Amino acid sequence: MDDTAAQVNHASFWQNRYDQGQTNWDAGSITTPLKTYIDQLDNRHQRILIAGAGNAHEGAYLHQQGFDRVFLLDFATAPLERFAKAYPDFPRDHLLCQDFFDLDGLTFDLILEQTFFCAIHPKRQQDYVKQMHRLLATEGKLVGVLFDWQFETSPPFSGSIDEYLTLFSEYFYINTMAPCYNSISARQGKELFIHLTKK
């Protein structure tokens, strides 16, 4: 792997970004596509994972809406510690500080994707798809947004709908993979909304 891959694959790289306040991927609150989707969910007891959760604005919103089986995963300690202080009634054993690719022994009904895939080096994207498939229960869903954009510097890593269709179609039914109609202004025209079901 190249130097960039070696960096993004280590918790220290992301911990340093948080320590230095270099979190330009953080929108500061839950973004419209995820909020709109969550507002349509009726089952407050399904098991939900947010991988690469970061400051977990989606997790906070779910918690505030009464979803009681939400799990946040990140291998940088800073955002999870910050979340635990902000939401002391959130179950501490649902804050998972570990590498996504090492997560085992848990399954989820729904996994939300928000600026995590774009942090995965392209050489590990197939591993991401396989791990998502493993972590989902039967007929589990992977839902969220992916960037449909070519970035000048990485991370975030670039992607396109054609690449995503090739990557995901072996392991998932593609219910929706289309341009977001309700992206926040900074991401207008750069996002795809995905709704995938485990095969």
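This is a predicted model: local features need pLDDT of at least 70, side-chain atom pairs count only at pLDDT 80 or more; totals for chains, interfaces and linings use all residues.
Residues are numbered from 1 along each chain as its sequence is written, and side-chain values use heavy atoms, with hydrogens and water left out.

- Leucine 142 is in contact (heavy atoms within 4.5 Å) with Ile111, Glu113, Tyr128, Met132, Leu136, Phe168, Phe172, Ile194, His195 and Leu196, leaving aside neighbours within four places in sequence.
- As general background, nonpolar side chains tend to be buried together in soluble globular proteins.

**Aromatic pairs**

- The structure holds 13 aromatic pairs; rings of Phe, Tyr and Trp (its six-membered ring) pair if their centres lie within 6.5 Å, with planes under 30 degrees apart counted as stacked, over 60 as edge-to-face and the rest as tilted.
- Phenylalanine 83 and tyrosine 87 make a tilted pair, because their ring centres are 4.8 Å apart and their planes stand at 35°.
- Phenylalanine 83 is buried at a relative accessible area of 3%, whereas tyrosine 87 is partly exposed at 23%; buried means under 20% relative accessible area, exposed over 50% and partly exposed in between (1.4 Å probe, protein chains only).
- The rings of phenylalanine 117 and phenylalanine 168 are also tilted, with centres 6.0 Å apart and planes at 45°.
- That pair links distant parts of the chain, 51 residues apart: phenylalanine 117 sits in the loop between β4 (108-113) and α6 (125-135), and phenylalanine 168 in helix α7 (residues 161-168).
- Both partners are buried, phenylalanine 117 at 2% relative accessibility and phenylalanine 168 at 0%.
- One aromatic cluster is formed by Phe100, Phe101, Phe116, Phe117, Tyr128, Tyr164, Phe168 and Phe172.

**Charged and polar side chains**

- Arginine 124 places its charged end over the ring of phenylalanine 101, 3.9 Å from the centre; the rule asks for NZ of Lys or CZ of Arg within 6 Å of the ring centre and within 35 degrees of the ring normal.
- Lysine 199 lies over the face of tyrosine 173, 5.6 Å from the ring centre.
- There are two salt bridges, each a side-chain nitrogen of Lys or Arg within 4 Å of a carboxyl oxygen of Asp or Glu.
- One joins arginine 124 to aspartate 127 (3.5 Å, N to O), and aspartate 127 is partly exposed at 30% relative accessibility.
- The other joins aspartate 39 to lysine 35, with the closest N and O atoms 2.9 Å apart; aspartate 39 is partly exposed at 42%, as is lysine 35 at 33%.
- Glutamate 191, in strand β7 (residues 191-198), is buried at 6% relative accessibility.
- The side chain of glutamate 191 makes a polar contact with that of serine 183 at 2.7 Å; such a contact is a pair of N or O atoms within 3.5 Å, where within protein one must be able to donate a hydrogen and the other to accept it, and residues adjacent in sequence count only if both atoms are side-chain atoms.

- Helix α4 (residues 57-64) is largely enclosed by the rest of the structure, because six of its eight residues are buried.
- Those buried residues are Glu58, Gly59, Ala60, Tyr61, Leu62 and His63, and their cover includes α3 (32-38), β1, β2, α5 (77-86) and β4.
- Alanine 56, in the loop between β1 and α4, has a positive phi of about 55° although it is not a glycine.
- Just after α4, glycine 66 takes a positive phi of about 95°.
- Threonine 115, in the loop between β4 and α6, has a positive phi of about 50°.

Notes. Helices (H or I, at least four residues) and strands (E, at least two) are DSSP runs, numbered from the N terminus.
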